[in-house]
Amino acid sequence: MSQSPVRSSIGSLDHYSQPEDSLAEIISLDNVSFGYSRKRLVLQDLDLKIQRGEFLTLLGPSGCGKSTILNLIAGFYKPLLGAVTHGGEEIKGPSARRGVVFQSNALFDWMTVEQNIGFGFRFQSISKYEKQKRVETIIGLVGLRGNERKYPYQLSGGMRQRVAVARSMVVQPEILLMDEPFAAVDVQTREGLQEELLKLHEQVAGAILFVTHSIEEAVFLSDRIVILDRNLGGIAHDIEIHLPGPRYTAMNRVSDEFNQYRTDLYLKMKAIE
Amino acid sequence: MQLKMANSEQVSAFKGQDLQTQALREKALLFCVAIAIPSLILILWELTTRMGWIDELFLPSLSGIVSEFLAMVRKGYAGTPLLSHVLGSLRRVFTAFGIGTVVGCLLGLLMGYYKYVRAAFYVVTEILRPIPPLAFITLFILWFGIGEVSKVLIILYAGALIVMLNTMAGVQSCPKDKILAAQTLGANDLAIFLYVILPAALPSIFTGMRVALSVDFGILVAAELLAGDLGIGYIIQDASTFFNVEGLFVGILMIGFFGVVSDFVLRVIASKVVHWQG
């Protein structure tokens, strides 16, 4: 499968605010302020647009509000000011249209791999055959074949995270929100997971919002990286990443372009800290 | 990659034990200790009583207890077959335990899930919690008569309270992210309750059931001590009155036996149902 046309035609920042382009936007944060109490804000007057099908990563120092943005879009929080919209409609709470992968994988320990992945279909009118087919396909895509009847506690950390990603992706959400999903696994496993995620992203056309601390991870995965400033500074940088396709090849981790992006981002991050 | 197998020469040349063998050995040793110490106590017991070091009135001989037990099996106790006494007691315990578990579970689930239900019951449960159930026994007899009902109710109350508190704790311990994950997969409140919160609470529910069952056996004996002419508690009470120390011991050991067996059964069931809990 090739990349979706929308993703490859993402323009510059100014481009987003033009009304004729609003069809391409899936998620929009307009003038959003948020704090756990009114006296201590975490976000202030933040504007952020996410395009249909794009892979967007949020980078920034700890406490800059990356996870808060993700939680707002998921519908776990409501903004104190401003609007968070999905396809033009205000987000009122969690929905199956917006999948979430948690760092803790949040699998259901009492269900098998198959049951975990098929969980979302319980709430959709979809034939048993279709459900079975889709679950089997995604199990193959994330390399879990042969583990269908195992329980999460019988799997390694990396495998569990694969189940979590598959469970969220199989119901084809319009956007998948991932909060440091691979932070708890070892480096080798993490690289494998990143490559699988990119392949999945090609197959399932939804957008992905990814939160991480790792510059390498961000460069390898993303179409676009947003760096958040500290102290309610909002968006410090908005950078598009163009690495030669197919994106998931390991060579992309050592290419000159990759290193350039990494150095550039590293310096930008340093400047913020 | 293929794992290299150590050849037999190498194996015999290895000095010391590998960790697996060590662990196995330790397990065997622990098992021996667990068996040896009670056996030793039994032998000492029989020795001291047979040699006449201790008056039989305080500690009857093991053989005396066994023959008293066999006599009870043959002739019954106080005109009632031993089996009727045993079944009578077990029926009381398990009726109370069964109903108590259901009631305790339902209340615990509601209290764990709905903050307002929890708030409504909070003061009452906190006051009731430290009161030993036996303190209510005469009150129960006053309210429900001296028959079967008050006996079962007092056991039921004691067990239900424990199951309820454990169930509530189990519901509250359900990780928030699992609930959120279910929501983002399209689950409504009922589905979250059935597929996420209830299974997450099951390990605590089983823990509560095990504690409740052992408490229930304790309350049973006390309830039967008070009134009636049937049950293991009655045997203990009646034997004490007549200084039948052997009979007293038979009653005590039977309670212990049924307590251990039913707890074992419950544990096996729990390990099958909540298999994901280590």
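Predicted model: local features only at pLDDT ≥ 70, side-chain atom pairs only at ≥ 80, totals over all residues.
Me: What share of the contacts in chain A with a separation of 6 or more comes from residues 24 or more positions apart?

Reply: With contact meaning heavy atoms within 4.5 Å, residues 24 or more positions apart account for 68% of the chain A contacts that have a separation of 6 or more. Residues are numbered from 1 along each chain as its sequence is written, chains are lettered from A and ligands numbered from 1 in the order in which they are written, and side-chain values use heavy atoms, with hydrogens and water left out.

Me: What scores does the model have, and what is the average pLDDT of chain B?

Reply: The model has an ipTM of 0.86 and a pTM of 0.84, and chain B averages a pLDDT of 91, with 94% of the residues scoring at least 70.

Me: How do you know how compact chain A is for a protein of its length?

Reply: The radius of gyration, taken over C-alpha atoms, is set against the globule rule, which is 2.2 Å times the number of residues to the power 0.38. For 273 residues the rule gives 19 Å and chain A has 18 Å, so chain A is as compact as a globular protein of that length. Along the principal axes, its C-alpha atoms fill a box of roughly 50 × 45 × 35 Å.

Me: Is helix 3 of chain A largely enclosed or largely open, and how do you know?

Reply: Buried means under 20% relative accessible area, exposed over 50%, and partly exposed in between (1.4 Å probe, protein chains only). Helices are DSSP runs of H or I with at least four residues, strands are runs of E with at least two, and both are numbered from the N terminus. Eight of the nine residues in helix 3 (residues 66-74) of chain A are buried, so this helix is largely enclosed by the rest of the structure. Among the buried residues are Lys66(A), Asn71(A) and Ile73(A). Just after helix 3, Gly75(A) takes a positive phi of about 95°.

Me: What makes a set of residues a nonpolar core?

Reply: The set must consist of buried Ala, Val, Leu, Ile, Met, Phe, Trp, Tyr and Cys residues joined through side-chain atoms within 4.5 Å. The largest such core has 118 residues, and Leu197(A) is one of those with the most contacts inside it. Its largest share, 17 residues, comes from helix 9 (residues 189-226) of chain B. A second, separate core of 32 residues includes Leu48(A) and Leu180(B).

Terms used:
pLDDT = per-residue confidence, 0-100.
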